[in-house]
Amino acid sequence: VQLAESGGGLVQAGGSLRLSCAASGSIFSPNAMGWYRQAPGKQRELVAGINSGGSTTYADSVKGRFTISRDNGKNSVYLGMNSLKPEDTAVYYCNLRVDYVSWRAVSGYWGQGTQVTVSS
């Protein structure tokens with residue numbers, strides 16, 4: 001399984017970005033897809049996840065600002081990010097895992113990451 005992220009970049013505080021991740025290869029089903037992020041000197045943390053049934057999970061810090069969605073036909077997951085803050089600056093990683101595995105677990109396949117930088 002390979003995951004390819006795109007859409008990161010530099011944006012001013014209050015701006016928006018949309019991340020995309022496309023999965024390819026021997027993709028198992030059912031699966032869940034999500035986004036994690038890691039800022040310098042910090043642990044990787046869950047940003048948002050979506051399972052095969054479309055149920056979503058968000059970190060408290062992004063609720064109301066970020067929206068996760070998926071397109072099963074394209075084996076893709078997206079993260080819409082609005083009202084970005086400097087503390088959202090991090091490398092964002094796409095994740096694909098067996099469905100119903102806890103988002104707290106380090107599991108599944110990972111993309112190489114895409115940098116998001118929010119300037120103040």
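Me: Does Arg65 count as buried or exposed, and at what relative accessibility?

Reply: The model is a predicted one. Arg65 lies in the loop between strand S6 (56–58) and S7. Buried means under 20% relative accessible area. Arg65 therefore counts as buried, its relative accessibility being 10%.

Me: Which backbone oxygen does the side chain of Arg65 reach, and at what separation?

Reply: Leaving out residues up to four places away in sequence, Arg65 touches Gly80, Met81, Asn82, Ser83, Leu84, Lys85 and Asp88. With one of these residues the side chain of Arg65 comes within reach of a backbone oxygen, that of Ser83, at 2.9 Å.

Me: In what order do the four strands of the open sheet stand, and which of them are at the edges?

Reply: The pairing in this open sheet is antiparallel, and the order of its four strands is S1-S3-S8-S7. On average, neighbouring strands of the sheet are turned by 15 degrees against each other, direction ignored. An edge strand has a single partner, so one of its sides is left without a neighbour in the sheet; this holds for S1 (2–6) and S7 (66–71).

Me: What is the bridge partner of Ser6 in S3?

Reply: Strand S3 covers residues 17–24, and S1 pairs with S3 in the antiparallel sense over five bridges. In S3, the residue bridged to Ser6 is Ser20.

Me: How many disulfides does a search of the whole structure find, and which cysteines form the bond?

Reply: A disulfide is a covalent bond between the sulfur atoms of two cysteines. The search of the whole structure finds one disulfide. The sulfur atoms concerned are 2.0 Å apart and belong to Cys21 and Cys94.

Me: Where in the chain do Cys21 and Cys94 lie, and how many residues apart are they?

Reply: Both cysteines, Cys21 and Cys94, are buried. Cys21 is in strand S3 and Cys94 in strand S9 (residues 90–98), so that the pair links distant parts of the chain, 73 residues apart.

Me: Why is the disulfide of Cys21 and Cys94 described by a handedness, and which one is it?

Reply: The handedness follows from the torsion about the S-S bond of Cys21 and Cys94. This torsion is about -85 degrees, and the disulfide is therefore left-handed.

Me: What separates the C-alpha atoms of Ala13 and Ser119?

Reply: Ala13 lies in the loop between strand S2 (9–12) and S3, and its contacts beyond four places in sequence include Val118, Ser119 and Ser120. Although Ala13 and Ser119 are 106 residues apart along the chain, the separation of their C-alpha atoms is 5.7 Å.

How values were computed. Residues are numbered from 1 along each chain as its sequence is written. This is a predicted model: local features need pLDDT of at least 70, side-chain atom pairs count only at pLDDT 80 or more; totals for chains, interfaces and linings use all residues. Side-chain values use heavy atoms; hydrogens and water are left out. Two strands pair if DSSP finds at least two bridges between them. Helices (H or I, at least four residues) and strands (E, at least two) are DSSP runs, numbered from the N terminus. Axes are lines fitted to C-alpha atoms, for helices over the stretch in contact, and angles run from 0 to 180 degrees between N-to-C directions. Buried means under 20% relative accessible area, exposed over 50%, partly exposed in between (1.4 Å probe, protein chains only). A polar contact is a pair of N or O atoms within 3.5 Å; within protein, one must be able to donate a hydrogen and the other to accept it, and residues adjacent in sequence count only if both atoms are side-chain atoms. Contact means heavy atoms within 4.5 Å. A disulfide is a pair of cysteine sulfur atoms within 2.5 Å.
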